[in-house]
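Dear colleague,

Please find below the structure that I am handing over to you. My notes on what was found in it follow directly after.

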Amino acid sequence: MWGCFDERVTTGGDAPAHIRRRLCGCLEDLGWPPMARDDLVIEVNEAIENACQHAYPAGIPGTVLLRTHMLGGPEGRYRMSLTVTDRG
């Protein structure tokens, strides 16, 4: 198992968009099929947005961490472990 990336963002602003761009670029670099890549980016975006909106009191910034680990690759099924962590 090897990591794709760990990305920590501060809530608010363009945190979800930043994570989407980073994850999409990582999956493209790994050769993930476009449809699978798009589905995964949408699902992660939902989790990041939920953490940004609900983990911290309104107007109080906090951090959200996305940690990814590749579990499969081009020779077979594409699988990735994703963890979204907040401190709220």
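Leu27 counts as buried because its relative accessibility is 0%, where buried means under 20% relative accessible area, exposed means over 50%, and partly exposed lies in between (1.4 Å probe, protein chains only). Leu27 belongs to helix α1; helices (H or I, at least four residues) and strands (E, at least two) are DSSP runs, numbered from the N terminus. In space, the C-alpha of Leu27 is 9.9 Å from the C-alpha of Met80, although 53 residues separate the two in sequence.

Before going further, please note that this is a predicted model, in which local features need pLDDT of at least 70 and side-chain atom pairs count only at pLDDT 80 or more, while totals for chains, interfaces and linings use all residues. Residues are numbered from 1 along each chain as its sequence is written, and side-chain values use heavy atoms, with hydrogens and water left out.

Helix α1

Helix α1 covers residues 15-29, which is 15 residues. From its first C-alpha to its last it reaches 21 Å, close to the 21 Å expected at 1.5 Å a residue; the expected span is 1.5 Å times one less than the number of residues. Which residues of α1 are buried? They are Ala15, Pro16, Ala17, Ile19, Leu23, Cys26 and Leu27. As background, an α-helix has 3.6 residues a turn, so residues three or four places apart point the same way.

Ala17, which also lies in helix α1, counts as buried at 17% relative accessibility. After α1 comes Gly31, which has a positive phi, near 80°.

Salt bridges

How many salt bridges does a search of the whole structure find? The search finds three, a salt bridge being a side-chain nitrogen of Lys or Arg within 4 Å of a carboxyl oxygen of Asp or Glu.

One of them joins Arg67 and Asp6, whose closest N and O atoms are 3.0 Å apart. Arg67 lies in strand β2 (residues 63-70) and Asp6 in strand β1 (residues 2-10), so this pair ties together parts that are 61 residues apart in sequence. Both partners are partly exposed: Arg67 has 35% relative accessibility, and Asp6 has 40%.

Another salt bridge is formed by the side chains of Glu7 and Arg22, at 2.9 Å from N to O. This pair links distant parts of the chain, since Glu7 is in strand β1 and Arg22 in helix α1, 15 residues apart. Is each partner buried or exposed, or in between? Glu7 counts as buried at 13% relative accessibility, whereas Arg22 is partly exposed at 34%.

Asp14 and Arg21 also meet through their side chains in a salt bridge, at 3.4 Å from N to O. Asp14 counts as partly exposed, with 48% relative accessibility.

The negative patch

Glu28, Asp29, Asp38, Asp39 and Glu43 form a negative surface patch. Patches are made of residues with over 30% relative accessible area and no salt bridge: like charges are joined within 9 Å, and nonpolar side chains (Val, Leu, Ile, Met, Phe, Trp, Tyr) within 5 Å. Lys and Arg count as positive and Asp and Glu as negative, while His and the chain ends are not counted. Helices α1 and α2 (34-54) each supply at least two residues of this patch. The most comes from α2, with three residues. Asp39 has its place in α2 and is partly exposed, with a relative accessible area of 46%.

The loop between α2 and β2

Tyr56 lies in the loop between α2 and β2 and is buried, with a relative accessible area of 14%. Tyr56 and Gly88 are 32 residues apart in sequence, and their C-alpha atoms are 5.1 Å apart in space. Gly59 lies in the loop between α2 and β2 as well, but is exposed, with a relative accessible area of 79%. Between the C-alpha atoms of Gly59 and Thr85 there are 19 Å, and these residues are 26 apart along the chain.

Yours sincerely

Technical notes
Areas by Shrake-Rupley, 256 points an atom, 1.4 Å probe, with all protein chains shown as cover. Charge placed at Lys NZ, Arg CZ, Asp CG, Glu CD.
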